Amino acid sequence: MKKQVICSTVFPLLCILLLFLSVEAQTCSPSGKIKGKTPPPGQCNQENDSDCCKDGKWYTTYKCSPPVSSQTKATLTRNSFEPDGDGGAPSECDNQYHSDDDPVVALSTGWYNNGKRCLNYINIHGNGRSVRAKVVDECDSTMGCDSDHDYQPPCPNNIVDASKAVWKALGVPESDWGGMDIYWSDTD
């Protein structure tokens, strides 16, 4: 009660500034940029409409992702977790490849949280349906444009990169696979 009185009568501008800083602290700002280089011939797998880095183009990097809630807004993208798929190397969580017929995902760096979500399940809500998927990899938001990242740009900070099994479970027609607004949450 006392704080409310002070804010409304004595220091209204200070209170507005504090509110702005509080909201600002919950956002995720870029951490840097990397300069793209053209991949060697045949080295960038464009399966699932993956982008390849372009020589001289600057790509934004992030060390964080938006805050996680019970309904975290994200963009669902398509990834192959199989050998020779566009995911590149084996999954970070278990150093294994995974069948695209299994509901598995990679999360942007901040949500991956240094592997703390590894092999745990998340709930994904989209297209009027839900699916439970296992976190097996990181969609790296801090680096890219190199062989370890299949010469693809860094991931944006709000990506849930999913196998075809996730897309099928959400009932999305294959012609619409690629990028879709979803919500996700940790499972209980």
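**Barrel, cores and disulfides of the predicted model**

Of the 188 residues in the protein chain, 38% count as buried, where buried denotes under 20% relative accessible area, exposed over 50%, and partly exposed the range in between, with a 1.4 Å probe and protein chains only. The structure is a predicted model, in which local features need pLDDT of at least 70 and side-chain atom pairs count only at pLDDT 80 or more, while totals for chains, interfaces and linings use all residues. Residues are numbered from 1 along each chain as its sequence is written, and side-chain values use heavy atoms, with hydrogens and water left out.

The protein chain contains four helices and eight strands, these being DSSP runs numbered from the N terminus (helices H or I, at least four residues; strands E, at least two). Read from the N terminus, the order of elements is α-α-β-β-β-β-α-β-β-β-α-β. The accessible surface of the protein chain amounts to about 10,800 Å², of which carbon and sulfur atoms supply 50%; accessible areas come from the Shrake-Rupley method with a 1.4 Å probe, and for residues only the protein chains shown count as cover. Among contacts between residues at least 6 apart in sequence, 72% join residues at least 24 apart, a contact being defined by heavy atoms within 4.5 Å.

Six strands form a closed barrel in the order S3-S7-S4-S6-S5-S8, and their pairing is mixed. On average, neighbouring strands of this sheet are turned by 45 degrees against each other, direction ignored; axes are lines fitted to C-alpha atoms, for helices over the stretch in contact, and angles run from 0 to 180 degrees between N-to-C directions. Strands of a sheet pair through backbone hydrogen bonds, either parallel or antiparallel. Here, two strands are taken to pair if DSSP finds at least two bridges between them. Strand S4 (residues 104–108) and strand S6 (residues 129–139) are parallel and share five bridges. Within this pairing, Val104 has Lys134 of S6 as its bridge partner, and Ala106 stands opposite Asp137 of S6. Strand S4 is mostly covered, with five of its five residues buried.

The interior was examined in terms of nonpolar cores, each a set of buried Ala, Val, Leu, Ile, Met, Phe, Trp, Tyr and Cys residues joined through side-chain atoms within 4.5 Å. The largest nonpolar core has 23 residues, of which Leu76, Val105, Leu107, Ile124, Val160, Val166 and Trp184 touch the most other members. Two or more residues each are given to this core by strand S3 (72–78), S4, helix H3 (109–112), strand S5 (121–126), S6, strand S7 (159–162), helix H4 (164–169) and strand S8 (179–186). Apart from this core lies another, of seven residues, among them Val104, Val136, Cys139 and Cys155. Leaving aside residues up to four places away in sequence, Val160 touches residues including Leu76, Val105, Leu107, Trp111, Ile124 and Trp184.

In the disulfide of Cys28 and Cys64, the sulfur atoms are 1.9 Å apart, and the link is right-handed, with 90 degrees about the S-S bond. This pair links distant parts of the chain, 36 residues apart: Cys28 lies in the loop between helix H2 (12–25) and strand S1 (32–35), and Cys64 in the loop between strand S2 (58–61) and S3. Cys28 is buried, at a relative accessible area of 15%, whereas Cys64 is partly exposed, at 23%.

Cys93 and Cys118 form another disulfide, with sulfur atoms 2.1 Å apart; this link is left-handed, with -80 degrees about the S-S bond. Cys93 is located in the loop between S3 and S4 and Cys118 in the loop between H3 and S5, so that distant parts of the chain, 25 residues apart, are linked. Both Cys93 and Cys118 are buried.

In the disulfide of Cys139 and Cys155, the sulfur atoms are 1.6 Å apart. Cys139 belongs to strand S6 and Cys155 to the loop between S6 and S7, so the pair ties together parts that are 16 residues apart in sequence. Cys139 is buried, with a relative accessible area of 9%, and Cys155 is also buried, with a relative accessible area of 11%.

Technical notes:
Disulfide = S-S within 2.5 Å.
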